[in-house]
Amino acid sequence: MELNKIASFCVDHIKLQPGLYVSRKDRAGGAVITTFDIRMTKPNDEPVMNTAEVHTIEHLGATFLRNHPDFAAKTIYFGPMGCRTGFYLLLAGDYESEDIVGLATELFRFIVSYEGEVPGACAKDCGNYLDMNLSMAKYWAARYVRTVLTAITPDRLHYPQ
């Protein structure tokens, strides 16, 4: 069986900078599902995030999005990239990156200001609940807000050619 290269492997990761990108748009029935690439580190150039902070961002991000007054019903998935350089967010609807800068900013500011127990971080709710690091999750979230989302530029909203 010959395998076609998937869309995320067609992005030039040498040129890719941290940003907020539309990765792809798919159809499910009559609906459009937009997949966003929330790229937090420069691939193959900066250290990747460790699993503990990625796991913590996943728990906080998914909880935030599924409780959001405008996006809860539109949130299909929020989770980490295997390479640990960022996250994927899948939303029901036909969106552009510019459309969700506000949502992404809310999400990562929520993580920065979060205090208390991480939602779902117990043996009953999670298969690896001990692998959490809230302080590092806050660090990466604050860095992303500061270096990417604040005054984001078009080159950080559209994949490099």
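1. Let me start with the helix packing: α1 and α3 pack at an angle of about 75 degrees, and their axes are 8 Å apart. Axes here are lines fitted to C-alpha atoms, for helices over the stretch in contact, with angles running from 0 to 180 degrees between N-to-C directions. That angle makes α1 roughly perpendicular to α3 (65 to 115 degrees; under 35 is roughly parallel, over 145 roughly antiparallel, the rest oblique). Helices (H or I, at least four residues) and strands (E, at least two) are DSSP runs numbered from the N terminus.

2. A word on the model: it is predicted, with local features needing pLDDT of at least 70 and side-chain atom pairs counting only at pLDDT 80 or more, while totals for chains, interfaces and linings use all residues. Residues are numbered from 1 along each chain as its sequence is written, and side-chain values use heavy atoms, with hydrogens and water left out.

3. Back to the helices: on the α1 side, Glu53, Thr56, Ile57 and Leu60 meet Leu134, Met136, Ala137 and Trp140 of α3 (contact means heavy atoms within 4.5 Å). Six of the residues in this contact are nonpolar, one is polar and one is charged (Ala, Val, Leu, Ile, Met, Phe, Trp, Tyr, Cys and Pro count as nonpolar; Asp, Glu, Lys and Arg as charged; the others, Gly among them, as polar).

4. Now the rings: there are seven aromatic pairs in the structure (rings of Phe, Tyr and Trp, the last by its six-membered ring, with centres within 6.5 Å; planes under 30 degrees apart are stacked, over 60 edge-to-face, the rest tilted). Tyr21 and Tyr159 form a stacked pair, because their ring centres are 4.9 Å apart and their planes at 20 degrees. Tyr21 is in strand β1 (residues 19-28) and Tyr159 in the segment after α3 (134-149), so the pair ties together parts 138 residues apart in sequence. Tyr21, at 1% relative accessibility, is buried, and Tyr159 is buried at 18% (buried is under 20% relative accessible area, exposed over 50%, partly exposed in between; 1.4 Å probe, protein chains only).

5. Phe64 and Phe110 make a tilted pair, with centres 5.1 Å apart and planes at 35 degrees. Phe64 is buried at 14%, whereas Phe110 is partly exposed at 26%. Ring pairs also join Phe64, Phe110 and Tyr114 into a cluster.

6. Finally, Lys15 sits in the segment before β1 and is partly exposed, at 45%. Setting aside residues up to four places away in sequence, Lys15 touches Lys42, Pro160 and Gln161.
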